[in-house]
Amino acid sequence: MTKHVQMSVAITVVILLVAWPAVAQRGFLYEIERTVSPPVIDGVIDEASYPSAPYLMTADTLGPDGGSQLNDTNNPDLTATYWLTWDDEALYFAARVTDPDVVYRLNQGSPLNGTDGVQLCTDHLNQRPANVETPGIHIHDVVPGQADDPDTAAYWQHWNGNPPDTFPNAQWAGRTTAEGYEVELRLPWGDFQPAFPQAPTVGTQMGGMFLLMDFDADGLIDLWWSSGNGENIIGTPSRWNDFVLTVDPDVDYSGDGYTYQQKVNLGLDPFTPIDPDASYSGDGWTYQQKKDLGLNPFSADSSGDGVPDLWISQHFDDWVDKALDPTFGSTVLDPDTGFTVRNAYQRRVDPNDPSTWPDLTAVPVSNAATLALLVMVMLGLSALSIMIMLKRRTQ
Ligand SMILES: [Ca+2]
Ligand SMILES: [Ca+2]
Ligand SMILES: [Ca+2]
């Protein structure tokens with residue numbers, strides 16, 4: 001165990017023993033909403049790609065938007081606003097902290113615990129182990145640094161339960177602000193170790209937690225807030241919170257004008273754009289061809305009247321209006337018999353050539369066959385009766 005981890009676990013144990021009796025209780029559910037475009041990791045949280053409703057920790061809030069205050073504080077203005085989002089490539093984390101007394105790297109040997117900063121804890125395989133040193137348990141420490149001092153530029157330090165170290169492609173950035181600091185972190189899914197058995201998708205569940213550390217010039221920790229249920233649970237991943245990957249069903253994630261829910265309802269991948277040269281209607285016309293005609297590019301029967309667009313186009317002039325008319329299939333072609341356009345399609349006859357139309361008033365073949373069978377049965381029964389009568393006479 002490295003020094004800073006030993007210190008982290010030691011603080012955890014002390015806090016648990018002294019102030020917070022162990023409560024075998026999980027934390028809160030944090031929904032991680034998918035982003036349409038990846039955030040720019042530059043230390044400035046100004047992009048619309050972050051979900052509009054971040055999670056907030058203040059001294060007065062508890063619950064999914066709050067946290068657990070683990071030390072007394074003389075810093076009542078301290079708040080932390082957290083954003084988490086995701087796409088096919090990565091998990092993104094950002095935090096905006098209001099802290100009027102920002103200090104960094106008080107303890108160079110233990111940067112995870114000796115500086116103002118935020119931590120994101122991840123149990124990406126949702127293993128829920130009791131031991132923080134279990135492989136797959138990761139703690140990410142993000143510190144904003146000081147813009148006027150290149151030696152204390154923004155940094156990120158990662159600890160995981162089972163070396164060798166992971167996340168070779170992580171990106172991070174931070175900066176101080178008039179109110180405190182902001183940090184951003186990008187963690188590619190491919191860097192998580194052990195690897196995901198399959199790429200994370202909507203509904204993927206993980207364990208996770210946020211942590212906010214606050215120091216001032218005396219170097220002693222003033223506040224350690226976690227998003228848990230009233231205790232510092234960093235050393236016990238089984239008590240971390242629930243993270244779940246979600247989407248907004250009303251958002252267009254593929255940039256083709258269709259929302260997530262519309263794509264799902266059509267049976268299409270909501271994250272893959274429509275290909276205008278592909279056919280989605282089953283009638284051979286491409287998406288763009290049907291779209292240009294004003295027809296439904298996802299159906300062979302735009303009007304839903306049982307008569308396909310293609311068949312109408314083969315038999316009628318001004319056919320697009322007819323293909324869009326939901327009453328067109330009920331149009332009567334022969335007033336004497338009630339023969340309709342839909343009847344013509346169903347029998348595959350020419351709607352413009354009455355000589356091809358069947359006589360709907362004739363007894364259907366199936367009925368004639370039933371009648372013939374009945375007659376044969378009756379004849380058979382009659383013959384049987386006659387034979388029985390003849391037999392009785394001869395006795
Ligand atoms: Ca940014
Ligand atoms: Ca501080
Ligand atoms: Ca139709």
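Biologist: Let's start with T340. Is T340 buried or exposed, and why?
Modeller: T340 counts as buried, because it has 20 C-beta neighbours inside 10 Å, and 20 or more is the cut-off for that. Keep in mind that this is a predicted model.

Biologist: Where does T340 lie?
Modeller: In strand β15, which covers residues 339-340.

Biologist: And what is T340 in contact with, leaving aside neighbours within four places in sequence?
Modeller: With G329, S330, T331, V332 and L333. Take S330: it is 10 residues from T340 along the chain, and the two C-alpha atoms are separated by 5.7 Å.

Biologist: Different topic. How many helices and strands does the protein have?
Modeller: There are 7 helices and 15 strands. The protein has 395 residues, and 32% of them are buried.

Biologist: What about the largest nonpolar core?
Modeller: It has 47 residues. Those with the most contacts inside it are V118, V183, L185, L211 and L212. As background, nonpolar side chains tend to be buried together in soluble globular proteins.

Biologist: Pick L185. What does it touch, not counting residues up to four places away?
Modeller: F93, L120, H140, V142, W156, A170 and W172. There is also a second, separate core of 7 residues, with V307, I312, V341 and A344 among them.

Biologist: Now V44. Where is it found?
Modeller: V44 is in the loop between β1 (29-34) and β2 (55-57). It counts as partly exposed, because it has 15 C-beta neighbours inside 10 Å.

Biologist: Which residues does V44 contact, leaving aside those within four places in sequence?
Modeller: R175 and E182. As for E184, its C-alpha atom is separated from that of V44 by 7.6 Å, with the two residues 140 apart along the chain.

Biologist: You mentioned β1. Which residues are on its covered face?
Modeller: Y30, I32 and R34 are on the covered face, while L29, E31 and E33 are on the uncovered one. In a regular strand the side chains alternate between the two faces of the sheet.

Biologist: Which strands does β1 pair with?
Modeller: One is β13, residues 241-246, which runs parallel to β1 and is joined to it by 5 bridges. In that pairing, E33 stands opposite T246. Another is β4, residues 79-86, also paired with β1 in the parallel sense, over 2 bridges. There, W86 is the bridge partner of R34.

Notes:
Residues numbered from 1 in each chain as written. Chains lettered and ligands numbered in written order. Predicted model: local features only at pLDDT ≥ 70, side-chain atom pairs only at ≥ 80, totals over all residues. Helix = DSSP H or I, 4+ residues; strand = E, 2+ residues; numbered from the N terminus. Buried ≥ 20, exposed ≤ 12 C-beta atoms within 10 Å, placed from the backbone. Contact = placed C-beta atoms within 7 Å. Core = buried A, V, L, I, M, F, W, Y, C linked by C-beta atoms within 7 Å. Pairing = 2+ DSSP bridges.
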